[in-house]
Amino acid sequence: MRVILRTAVGQGPAQVMAGFTRELFLALAPPFPKLKLVRYDGSRTGDVVEIELNTGIKKLPWTSLITDDGVRPDGTHYFVDEGQRLPPPLRYWKHRHLIEPGPRGGSIIVDNLEYRTAFRALDVLIYPAMWAQFAWRKPIYRRWFR
C-alpha cells in the first residue's frame, strides 16, 4: 500500500532538509504508540534510526536504514528510509521524504511511504491508521518550518 501526504511550508528545500534532526523526529512522534528513540544517526545514506514502540502491552523494536539521499536537478532534496527490523504486522517499509521547491517559494514536504504486511486485506485495513500517523505531522511541519 502507498500513502502520500503533501505539506506546504515556508522555508526552502535546503533549510527544511537541514531541519530533519533528532529534535524534529521526536516532535513528529504521534501520541500512540509511545515512541522511545534508541538511536538517531541522521538523514544521510548509511545512517540508522532505531526506535522502540510501546503499545502498553508489548515493546516493539523498529530499525530503519537511510538507503539514499541527495538533491535532484529540479532542487528537490530527499532521503529514503527502509525498514530493516519491523514490528508486526509490517513486513516491508520504504519511506521517501521529498522536499520539493514550492511554486511560490517555500517547500512542499512529501511523505511518500510504501508498506506491506503478509496479507493485502490487512494492508487495506490498517491504511487509515497509517494515513492518520502521517497526517499528524502536517501541523508540526508547518510550525517547525514557518
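Strands β4 and β5 form a hairpin with five residues between them, and G75 in its turn has a positive phi of about 95 degrees. The model is a predicted one, in which local features need pLDDT of at least 70 and side-chain atom pairs count only at pLDDT 80 or more, while totals for chains, interfaces and linings use all residues. Residues are numbered from 1 along each chain as its sequence is written, and side-chain values use heavy atoms, with hydrogens and water left out. Strands (E, at least two residues) and helices (H or I, at least four) are DSSP runs numbered from the N terminus.

Strand β5 covers residues 77-85, and its antiparallel pairing with β4 extends over eight bridges; two strands pair if DSSP finds at least two bridges between them. Within this pairing, I66 stands opposite D81 in β5.

Strand β4 (residues 59-71) is also joined to β3 (residues 48-54), by seven bridges, and these two strands run antiparallel. N54 stands opposite K59 in β4. The hairpin of β3 and β4 has four residues between the strands, and G56 there takes a positive phi near 95 degrees.

The helices α3 (residues 120-135) and α4 (residues 137-144) have axes that come within 5 Å and cross at roughly 15 degrees. Axes are lines fitted to C-alpha atoms, for helices over the stretch in contact, and angles run from 0 to 180 degrees between N-to-C directions. The two helices α3 and α4 are therefore roughly parallel to each other, a term that applies to angles under 35 degrees. Their contact (heavy atoms within 4.5 Å) is made by Q133, F134 and A135 of α3 and by R137, K138 and P139 of α4.

Technical notes. Parallel < 35°, antiparallel > 145°, perpendicular 65-115°, else oblique.
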